[in-house]
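Here is a friendly briefing for anyone about to look at this model with pockets and packing in mind. Please keep the viewer open while you read.

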Amino acid sequence: MKSVLNLFVSIATQPAILVALIAMLGLLLQKKKATEVVQGTIKTFAGFLVLIGGAGILSNSLTPFAKMFQFALHVQGVVPSNEAVVAIALVKYGTTTALIMLVGMIVNILLARFTRFKYIFLTGQAMLYVSCLTAVILISAKLGTGWQTIILGGIFEGTLLTVTPALCQPFMRQITGGDEVAMGHTGNIGYATAGLMGKWFGNKKNSTEDIEMPKGLSFLRDSTVSITLLMGIVYIILAIVAGPHFVETKLSAGTNYLVYALVQAGTFAAGFVVVLQGVRMILAEIVPAFQGIATKLVPNSKPALDVPIIFPYAPNAVLIGFFTSFIVGTISMFIMIALKTTVIIPGVVGHFFCGAAAAIYGNATGGRRGAIIGSAVNSLLISWLPLLILPVLGTLKLAASTFADTDYLVPGILLGNLGNLGTVAVVAGILGFLVIVVLISLVLNGRDKANSKAEATK
């Protein structure tokens, strides 16, 4: 049983394999030729590996950024990092987490099949992390590790991962200009909030992608050039502040600190280029392949994919969002120091991926102003909400890390506080969540039918 469970987790948490299998199923359902099935499956697999590789390059190039930042400011505290806190939690809750994830995937598919929320969540590591968060909170609420926790946790996770892409889809249509893919990330609540902020307070006419450059600086329109130059300036300033001794003894293995900073900036830009290539490969294969699933198994369904999928649509917003988010997170950190609360140190990777995406959403609805406001509001959420989730994480509240994204923080805080009220409150809350989602689907379907009848009688 354990080996089978391990095989399932290994496959489900590798998005390249998971999405390749989904693509293969879609092509088989369309009765494509064997050569087309093999070609589409392998290209999807390779495309996702390219995307993951690019995201890894980005993350690795940001690691020295974070170390220089913390050393320069001499700050101690909790660093939000999903990977770090999950690695700690899986040691104790690995089996329960895996089984919750299995039930959650089934619930997601069933809800996509029978409700109007036609989103199949395909970001495997995000599913694992949500399962882990759910396991930790439910076990801390004294539900134990039995079947009740597994079933309830799976219902909670599957419902959450069906609904959050739906929150983002109106904005995804504006970002991508289509309705073929959805957002399958754990920052969706923050991204939808950023989209609303842009809509309410921005100006859609002034897009981040229409920033005018003087003729002499027209080369900055090339995203690779502009990213390298901007990140180069930031890295060099940070390296100077941290000092050559720290950089050369702790980070660069003796390489000159300015040269090291410049190489890290170039590596960051290279990672961005790799991500863009991976996105192109995936979209070229997964969208046509998914039509088989959308037609045969889950009518009108859409794949919900990881956050870098939207980066090519607004590369300027990516940088604006990262810096806005990180600056707001740093200001929040100093306020926490002044208030003598637990200090949440801004996690560079979280602020990059979530800040960038929030800015893209804000830009889609509110242009440059929307990008800045959207990423700033998202940053406030991921900077301050960790203070509220720490008390409901049981033994993990003493860890030096915690969950980073809004889709862990907001549901986790709500579920954890229900847990403090007792087992009955948790069960009622989870089942109530599922019922509300189904009822909303029925109401919206009824409204659509009424509108169709009204149109037909005109």
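Helices α4 (residues 82-114) and α5 (residues 124-140) cross at roughly 95°, and their axes come within 6 Å. The two are therefore roughly perpendicular to each other, a label used for angles of 65 to 115 degrees. This is a predicted model, in which local features need pLDDT of at least 70 and side-chain atom pairs count only at pLDDT 80 or more, while totals for chains, interfaces and linings use all residues. Residues are numbered from 1 along each chain as its sequence is written, and side-chain values use heavy atoms, with hydrogens and water left out.

- The largest pocket has a volume of about 960 Å³; on a 1 Å grid over the protein atoms alone, a pocket is an open set of points with protein on both sides within 12 Å along at least five of seven lines, and lining residues have an atom within 4 Å of a point.
- Of its 41 lining residues, Ser59, Glu83, Tyr129, Val349 and Phe353 are the closest to its centre.
- Helix α3 gives the most to this lining, with 12 residues, and the lining divides into 22 nonpolar, 15 polar and 4 charged residues.
- The second largest pocket has a volume of about 310 Å³, and of its 16 lining residues Phe156, Leu160, Pro411, Leu414 and Phe433 lie nearest its centre.
- The lining of the second largest pocket has 14 nonpolar, 2 polar and no charged residues.

**Sheet**
- An open sheet of 3 strands has the order β2-β4-β3 with parallel pairing, where strands (DSSP runs of E, at least two residues) pair if DSSP finds at least two bridges between them.
- 3 bridges join β2 to β4 (residues 302-305), and Tyr119 stands opposite Lys302 in β4.

Note on methods. Helices (H or I, at least four residues) and strands (E, at least two) are DSSP runs, numbered from the N terminus. Axes are lines fitted to C-alpha atoms, for helices over the stretch in contact, and angles run from 0 to 180 degrees between N-to-C directions. Angles under 35 degrees count as roughly parallel, over 145 as roughly antiparallel, 65 to 115 as roughly perpendicular and the rest as oblique. On a 1 Å grid over the protein atoms alone, a cavity is a set of points where a 1.4 Å probe fits but cannot get out, and a pocket is an open set with protein on both sides within 12 Å along at least five of seven lines; lining residues have an atom within 4 Å of a point. Grid points are joined across faces, edges and corners, and a volume is the space filled by probe spheres set on the points. Ala, Val, Leu, Ile, Met, Phe, Trp, Tyr, Cys and Pro count as nonpolar, Asp, Glu, Lys and Arg as charged, and the others, Gly among them, as polar.
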